[in-house]
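Work through the exercises below with the model open. Each task is followed by a stepwise solution.

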Amino acid sequence: MLDFHVALTQLSEAVQLPQKVRKVSLIESLGKHLSEDLFTVYDTPMFNNSAMDGYAVCDPDEDLTEFKVVGRIAAGDLAKIVLNKGESVRIFTGAPTPKGTTSVVMQEHIDREGDVIRLQRKPKNGMNIRYLGEEAKKGDLLLAKNREMTAATIALCASQGYSEIPVFDGLSIAVVSTGSELIPQSEPLSAGKIYDANRFMLQAWLKKNHYVHDAGIVKDNYEATKAQLLELSKTQDVIILSGGASVGEEDHVGRAIAEVGQLNGWKIAIKPGKPFGWGKIGNAYVFMLPGNPVSAYVTFYLFVYPFLQKSIGATNATFMKGTAKFKREKLEPRREFLRGMYVENLEGGFDLTIAKGQGSAMLSGLAVANCLIEILPNTTVEEGMALNFYPIQ
């Protein structure tokens, strides 16, 4: 069996998923990652403007308390007026400040009689003025490559006049479940049959960022498995199969991949998830996951998901450190990934507990977990021990 880290190294050397790029509208970019740096098109702010509703005043020596009102400027107006000392204009938030403005006084701090205002408190020069280019200069880096687009970054791009931006596009990924025992949810359950869960789980992982093709269920038949793989390899960037990855007489996936393409891996020294393989058929990368749903989840998350994230310019969450709040005397020769929960403690660290139902077919434990807790081979766990954990979705 391959060591966990050896398997990761071999995968890194063998798997180079393509990175596809396309331009999308700002709204379409939500959740995607930039494929190149974006730069500031205009100085920000683009002109000196008022940060408040109030009065723009000219008082270079900061010694006046009374000003004559000589005009009015609203947002969108041109500031044609030039202020001399002792003059002011009524101004509104976002409106350009006229030449000669030394500060803007909030309207709440003004007493006005006719065309004369009196200050309730003296402002400092520069107060409540947004100056040309104080946030960013034309040509400055606006957003770096690989940045995930959010509502805030979309607004920032819109403020610079961008209507489309280049992002990493998703891959075409086919998801296949194998097994004669599997049936779709549209059929009534009968003896010896179970509902297919893995396709739904994997598609849920993938649909946010990729183009997912539900390739259905393939029965335990070698020729059918091989034909499905050949057909999918013509149109898909990635094929992910669950089930049929072991070495029993009814496990045909590995043999089929090896015949029509190339196959690596197969047995990884982890629990759950020992049977796992990867390969290539034509230009399509193939990942072969175990059939037990928790095993499929764990192997997908640890061995496949990082490469999919890289393909869309996203960074991967690495493991974190936590403190065990449980004991475990059982010795397991394989590296184990327990389904567990992490919570932040008063010291700013994380406390770890484990979920009930640790079997590789027990989805109930996975459903309540928010992390995978790593237990090294042949290691018992004592309360207070430092452990690595991987946050999961």
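## Exercise 1: Cavities

Val-57, Asp-59, Leu-64, Phe-67, Thr-102, Ser-103, Leu-119, Pro-123 and Asn-125 form the lining of the second largest cavity. The model is a predicted one.

**Task.** State how many cavities of 30 Å³ or more there are. Then describe the lining of the second largest cavity by class, and do likewise for the largest cavity.

**Solution.** 

Step 1. Start with the count. There are two cavities of 30 Å³ or more.

Step 2. Take the second largest cavity. Its volume is about 40 Å³. Its lining divides into five nonpolar residues, three polar and one charged.

Step 3. Turn to the largest cavity. Its volume is about 40 Å³. The lining residues are Trp-205, Leu-206, Asn-209, His-210, Tyr-305, Leu-308 and Gln-309.

Step 4. Assign the lining of the largest cavity to elements. Helix H3 (198-206) and helix H6 (293-311) are the elements that give two or more residues. H6 contributes the largest share, three residues.

Step 5. Sort the lining of the largest cavity by class. Four residues are nonpolar, three are polar and none is charged.

## Exercise 2: Pockets

**Task.** Find which element supplies the largest share of the lining of the largest pocket. Then give the make-up of the lining of the second largest pocket by class.

**Solution.** 

Step 1. Size the largest pocket. The volume is about 640 Å³.

Step 2. Locate its centre. The lining has 29 residues, and Tyr-301, Tyr-305, Asn-316, Ala-317 and Thr-318 lie nearest the centre.

Step 3. List the contributing elements. At least two lining residues come from each of helix H1 (4-14), H3, H6 and strand E26 (386-391). H6 supplies the largest share, five residues.

Step 4. Classify the lining of the largest pocket. It holds 14 nonpolar, twelve polar and three charged residues.

Step 5. Move to the second largest pocket. Its space is about 270 Å³. Of its 21 lining residues, Glu-181, Leu-182, Ile-194, Asn-198 and Gly-291 lie nearest the centre.

Step 6. Find its elements. E13 and strand E15 (194-195) each give at least two residues to this lining.

Step 7. Classify the lining of the second largest pocket. Seven residues are nonpolar, nine are polar and five are charged.

## Exercise 3: Strand E20

**Task.** Trace the pairing of E20 with E18 and with E21. Is E20 largely enclosed or left open by the rest of the structure?

**Solution.** 

Step 1. Begin with E18. E18 and strand E20 (residues 275-281) run antiparallel and are joined by six bridges. Gly-265 stands opposite Gly-277. Asn-264 has Trp-278 as its bridge partner.

Step 2. Continue with E21. Five bridges pair E20 and E21 in the antiparallel sense. Lys-280 stands opposite Tyr-285.

Step 3. Inspect the connection. E20 and E21 form a hairpin with two residues between them. In the turn, Gly-282 has a positive phi of about 60 degrees.

Step 4. Five of the seven residues of E20 are buried, so the strand is largely enclosed by the rest of the structure.

## Exercise 4: Glu-28

**Task.** Is Glu-28 buried or partly exposed?

**Solution.** 

Step 1. Apply the cut-offs. Buried means under 20% and exposed over 50%. Glu-28 has 43% relative accessibility, so it counts as partly exposed.

Step 2. Check a distance. The C-alpha atoms of Glu-28 and Arg-335 are separated by 41 Å. Along the chain, these residues are 307 apart.

Terms used:
Residues are numbered from 1 along each chain as its sequence is written. This is a predicted model: local features need pLDDT of at least 70, side-chain atom pairs count only at pLDDT 80 or more; totals for chains, interfaces and linings use all residues. Side-chain values use heavy atoms; hydrogens and water are left out. Buried means under 20% relative accessible area, exposed over 50%, partly exposed in between (1.4 Å probe, protein chains only). Two strands pair if DSSP finds at least two bridges between them. Helices (H or I, at least four residues) and strands (E, at least two) are DSSP runs, numbered from the N terminus. On a 1 Å grid over the protein atoms alone, a cavity is a set of points where a 1.4 Å probe fits but cannot get out, and a pocket is an open set with protein on both sides within 12 Å along at least five of seven lines; lining residues have an atom within 4 Å of a point. Grid points are joined across faces, edges and corners, and a volume is the space filled by probe spheres set on the points. Ala, Val, Leu, Ile, Met, Phe, Trp, Tyr, Cys and Pro count as nonpolar, Asp, Glu, Lys and Arg as charged, and the others, Gly among them, as polar.
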